[in-house]
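Subject: Structure handover

Hello,

Here is the structure for your files. My notes follow below it.

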Amino acid sequence: MAPILLQTGLTLAPAIVVLLVLAVAIITVYSAVEIVNAYEKRALTVFGDYRKLLEPGINFVPPFVNKTYTFDMRTQTLDVPRQEAITRDNSPVTADAVVYIRVMDAKKAFLEVEDYTRAVSNLAQTTLRAVLGDMELDDTLSKRQEINGRIRKELDEPTDEWGIRVESVEVREVNPSPDVQQAMEQQTSAERSRRAMILEAQGERRSAVESAEGQKQSNIIRAQGEKQSQILEAQGDAVSTVLRAKSAESMGERAVIDKGMETLESIGQGESTTFVLPQELSSMLGRYGKHLTGSDVREDGHDLESLDFDDDTRELIGLDDIDEILNEIDEDAELDIEAMEQKAEAIKTGEATGNIQDPDDVIAEMDQPDRSSATSDGTATSNAETEELESEPN
C-alpha cells in the first residue's frame with residue numbers, strides 16, 4: 001500500500017509544480033502591467049521612490065515592487081460647506097459655494113500636497129469667510145460676481161504650486177440672519193410705500209395741471225363766443241333801427257304822394273283845361289313811380305337810392321367794419337385743435353410730463369444729504385413749485 005501511495009505522489013508532483021509556476025507567472029504579468037484610462041494619469045513608485053507618470057494605455061512596470069496613484073485629469077467639482085461670517089458692518093451671514101478645479105500637473109499634485117481635493121476645499125472655506133468679512137452686507141447680496149472673482153484670485157497662487165488650476169468659483173447662496181432679513185423686508189416695504197405715495201402725488205399733480213389747462217381753454221372759447229355774440233347782437237340792433245327809420249321815411253313819402261294824387265284827381269274833375277303843377281309834385285310822381293315799379297328812376301344822371309344806406313349811416317352803424325371785426329374775433333378764438341389732441345394723447349401715454357418730475361428723480365433728491373438744509377423753508381419750496389406751475393405754457 002505504501003509503495004502505491006509513493007508512486008502516486010511522485011506522479012502528481014510535476015503537475016503541482018507546473019501549476020505553481022503558471023500561477024506565479026500570471027501574478028507576475030498582472031503586477032507588471034498597468035492599464036491607464038484615457039482621462040487619468042498615474043504616479044509610479046518603485047520601492048517608495050517616485051519614477052514617472054504613467055500615460056493612458058498599457059504600461060509595463062516592475063512587478064511586485066511598484067505602487068501607483070491615480071489622478072483624474074477631468075474638471076472636478078468641490079462643494080464648499082456652508083460658512084458663517086461677519087460682514088464689515090457687523091451683520092452675520094451664511095454662504096456656500098462650488099469650486100471647479102482641474103489637475104494640470106499630476107507630479108506636483110502627488111509630491112507637493114497630500115490630498116489636493118481636501119486642501120482646495122479647506123482653502124476655499126477660509127477664503128470665502130475672509131472675502132465676506134471684508135465687504136458690507138449690501139455688497140455681499142448684490143456683488144456676487146465680485147465675490148467669485150476675489151475668491152478665485154485668492155485660490156490661484158497656492159493651488160498653482162500644487163499643480164491644480166481653479167477654473168471657476170460660484171457662490172450659491174448668501175443669506176443674512178433672520179433678524180436682518182426681517183429688517184430688510186420692512187425697509188423694502190417702507191421704500192415701496194414711499195414710492196407709491198410719490199407716484200400718487202405726481203399723478204394728482206398732473207391731473208390738476210391738465211384740468212386747469214382744459215378749464216382755461218374752455219373759458220377762452222366761452223369768452224370769445226360771448227364777445228362775438230354781443231357784437232353781432234349790437235350790430236343787428238343797429239341795422240334794425242336804421243331799417244325801421246328808413247321804412248318810416250318811405251311810408252311817409254308814400255302817404256304824401258297818395259295825398260297828392262288824390263288832389264290831382266280832384267283837380268282833373270274840374271272844368272278848367274289848364275293846370276299848373278309845382279316842381280315838388282313832379283318829384284313826388286317820380287318817387288311814386290319807383291314804388292310802383294320796384295326800380296329807381298334816374299334824376300340828373302344818378303339813381304335815387306332812398307332805400308340804401310348812405311355813407312354816414314353805414315359808418316355810424318359800422319356795416320363796413322363788421323366783417324373785419326368778425327374776422328378778428330375768429331382769429332382770436334381760433335385754437336389749434338390738432339395740437340391740443342396731440343398733447344392730450346401724449347399726456348395719456350405718459351410721454352408729455354411737462355415739469356412733472358420722475359419718481360426716481362424725486363427719491364434721489366430726497367436721499368441727498370444736503371436736501372434738508374436746502375429745503376428747510378417749506379414756504380420757499382411751495383413757492384418754487386407754484387412758480388413752476390405758472391411758468392408752464394398755456
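What share of the residues of the protein chain count as buried? Of its 394 residues, 23% do; buried means under 20% relative accessible area, exposed over 50%, and partly exposed in between, with a 1.4 Å probe and protein chains only.

Two points on the basis. This is a predicted model, in which local features need pLDDT of at least 70, side-chain atom pairs count only at pLDDT 80 or more, and totals for chains, interfaces and linings use all residues. Residues are numbered from 1 along each chain as its sequence is written, and side-chain values use heavy atoms, with hydrogens and water left out.

Confidence

pLDDT is the predictor's confidence in each residue, from 0 to 100. Its mean over the protein chain is 75. A value of 70 or more is reached by 59% of the residues. A contact means heavy atoms within 4.5 Å. Where pLDDT is low, the predicted coordinates should not be read in detail.

Overall

The protein chain has 13 helices and 10 strands. These are DSSP runs numbered from the N terminus: helices are H or I with at least four residues, strands are E with at least two. Take the contacts between residues at least 6 apart in sequence: 68% join residues at least 24 apart.

Cores

A nonpolar core is a set of buried Ala, Val, Leu, Ile, Met, Phe, Trp, Tyr and Cys residues joined through side-chain atoms within 4.5 Å. The largest one has 34 residues. Val-99, Ile-101, Tyr-116, Leu-128, Ile-151 and Ile-164 have the most contacts inside it. At least two residues of this core come from each of β6 (76–86), β7 (92–103), α2 (106–111), α3 (116–133), α5 (144–161) and β8 (164–176). Helix α3 gives the most, with 7 residues. Another core, of 5 residues, lies apart from it and includes Val-36, Leu-44, Leu-54 and Val-61.

Two residues to look at

Leaving aside neighbours within four places in sequence, Tyr-116 is in contact with Phe-71, Asp-72, Gln-76, Ile-101, Val-103, Ala-109 and Ile-164.

Leu-78 sits in strand β6. It counts as buried because its relative accessibility is 12%. Not counting residues up to four places away in sequence, Leu-78 touches Ala-97, Val-98, Val-99, Ile-101, Thr-117, Val-120 and Ser-121.

Best wishes
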